[in-house]
Amino acid sequence: MDRKDVDATNEQLLDSLNLLENGQLKRAAILLFHHNPEKWIPGAYVKIGYFESDSELRYQDEIHGSLISQADRVVDLIFTKYLKADISYRGVTRVETYPFPKDAIREAVFNAIAHKFYGALIPIQISVYADRLYIANDCIFPEDWTLDDLMGKHRSRPYNPLIANTFFRAGFIEAWGRGIEKIKDSCKEAGNPMPEYTIKREDIMVMFKSLVSHTDQGTNQATNKTNQDDDNSVTTRILKVIETEPMLSQKKIADIIGEKYSTVKYYMESMKKSGVIKREGSSQKGKWIIL
């Protein structure tokens with residue numbers, strides 16, 4: 001940015017974003033930048049809940065404030081409190097893999113905030129389950145569009161052009177109507193199923209499915225993810241051996257994978273401390289368990 005852009009006053013910034021009219025703030029300016037837009041526009045916030053089942057809510061949060069501040073806070077909260085990362089290793093580097101691709105969730109959250117119909121006075125609702133995640137918000141869908149139009153290549157037709165433009169200027173969203181394509185590409189790259197959209201007259205909901213539910217993961221968590229990153233890593237080879245022969249000693253594992261005993265001992269101690277594996281029973285008669 002040029003120095004003159006950095007030194008612009010708030011009024012100049014708002015005017016350049018077309019958020020002023022005859023010296024007065026437009027509603028979009030209140031939503032975007034006021035610390036409490038709900039004073040004038042109720043429902044301008046995001047609600048997140050974690051569900052054990054459709055009828056059993058475990059805990060929830062509400063994210064209030066300006067839309068600009070809500071955007072990143074919502075995504076950060078989802079990935080720090082509501083989702084459990086699976087741990088694998090690339091060599092000695094710890095790798096955290098979430099059940100849903102972060103780029104896809106981020107794009108969907110930002111799109112929901114930017115394109116929401118704020119006149120409905122209903123918050124955006126995000127429902128998180130162990131194996132799926134829903135993002136639902138009220139919106140006015142173009143009358144001549146179908147679900148196929150949304151999922152295919154289309155031009156940008158934002159319901160809130162001033163909010164969408166500011167989100168674009170902030171680097172939050174695309175200006176070419178490529179948001180859905182980015183979401184699909186992120187899911188494909190991560191190996192997740194394609195998102196499923198449900199469109200009604202005045203609301204839209206997207207459902208993301210995890211690649212593997214946490215209850216089904218176990219060994220696949222520790223081996224498959226590592227295999228995708230580095231099929232020849234020491235960690236991966238150790239896991240492959242103890243998956244099939246969990247009773248072996250560290251020295252025997254070292255002989256099988258062709259590494260020094262000290263190397264295998266170092267890696268396996270690190271894996272125990274990080275919760276990847278554990279030893280059950282004595283050193284002579286015990287066995288290794290992949291967590």
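So, burial: of the 291 residues in the protein chain, 43% count as buried, where buried means under 20% relative accessible area, exposed over 50%, and partly exposed in between, with a 1.4 Å probe and protein chains only. Keep in mind that this is a predicted model, where local features need pLDDT of at least 70, side-chain atom pairs count only at pLDDT 80 or more, and totals for chains, interfaces and linings use all residues. Also, residues are numbered from 1 along each chain as its sequence is written, and side-chain values use heavy atoms, with hydrogens and water left out.

The accessible surface of the protein chain is about 16,300 Å², and 47% of that belongs to carbon and sulfur atoms; these areas come from Shrake-Rupley with a 1.4 Å probe, and for residues only the protein chains shown count as cover. On secondary structure, we've got 12 helices and 12 strands, taken as DSSP runs numbered from the N terminus: H or I of at least four residues for helices, E of at least two for strands. Contacts here are heavy atoms within 4.5 Å. Of the contacts in the protein chain with a separation of 6 or more, 55% are between residues 24 or more positions apart.

Okay, the inside. A nonpolar core is a set of buried Ala, Val, Leu, Ile, Met, Phe, Trp, Tyr and Cys residues joined through side-chain atoms within 4.5 Å. The largest one has 50 residues, and I78, V109, I126, I135, F167 and F208 have the most contacts inside it. Which helix gives the most to this core? That's α5, with 8 residues. There's also a second, separate core of 19 residues, which includes I242, Y267, M271 and I277.

Let me stay with F167 for a moment. Leaving aside neighbours within four places in sequence, F167 touches L32, L67, I68, A71, F110, I113, A114, F172 and I173. F167 sits in helix α7, residues 161-169, where I163, A164, T166 and F167 are buried. Looking down the axis of α7, those buried residues fall within an arc of 165 degrees, so they line one face of the helix; the arc is that of the directions from the helix axis to the C-beta atoms. What do they pack against? The buried residues of α7 pack against α3 (27-33), α4 and α5 (102-115). After α7 comes G171, with a positive phi near 85 degrees.

Now salt bridges, meaning a Lys or Arg side-chain nitrogen within 4 Å of an Asp or Glu carboxyl oxygen. The count is 11. Take D54 and R132, with the closest N and O atoms 3.4 Å apart. D54 is in the loop between β3 (46-53) and β4 (56-63), while R132 is in strand β8 (residues 132-138), so the pair ties together parts 78 residues apart in sequence. D54 is exposed, at 60% relative accessibility, and D54, D131 and R132 are linked in a salt-bridge network.

Next, K81 and D61, at 2.8 Å from N to O. K81 belongs to helix α4 (residues 67-82) and D61 to strand β4, so this pair ties together parts 20 residues apart in sequence. K81 is partly exposed at 39%.

K184 and E181 are a local case: their closest N and O atoms are 3.6 Å apart, and both lie in helix α8 (residues 179-190), 3 residues apart, about one turn of the helix.

Last, cysteines. How many disulfides does the structure hold? It holds 0, a disulfide being a pair of cysteine sulfur atoms within 2.5 Å. C139 is buried at 9% relative accessibility, and C187 is buried at 1%.
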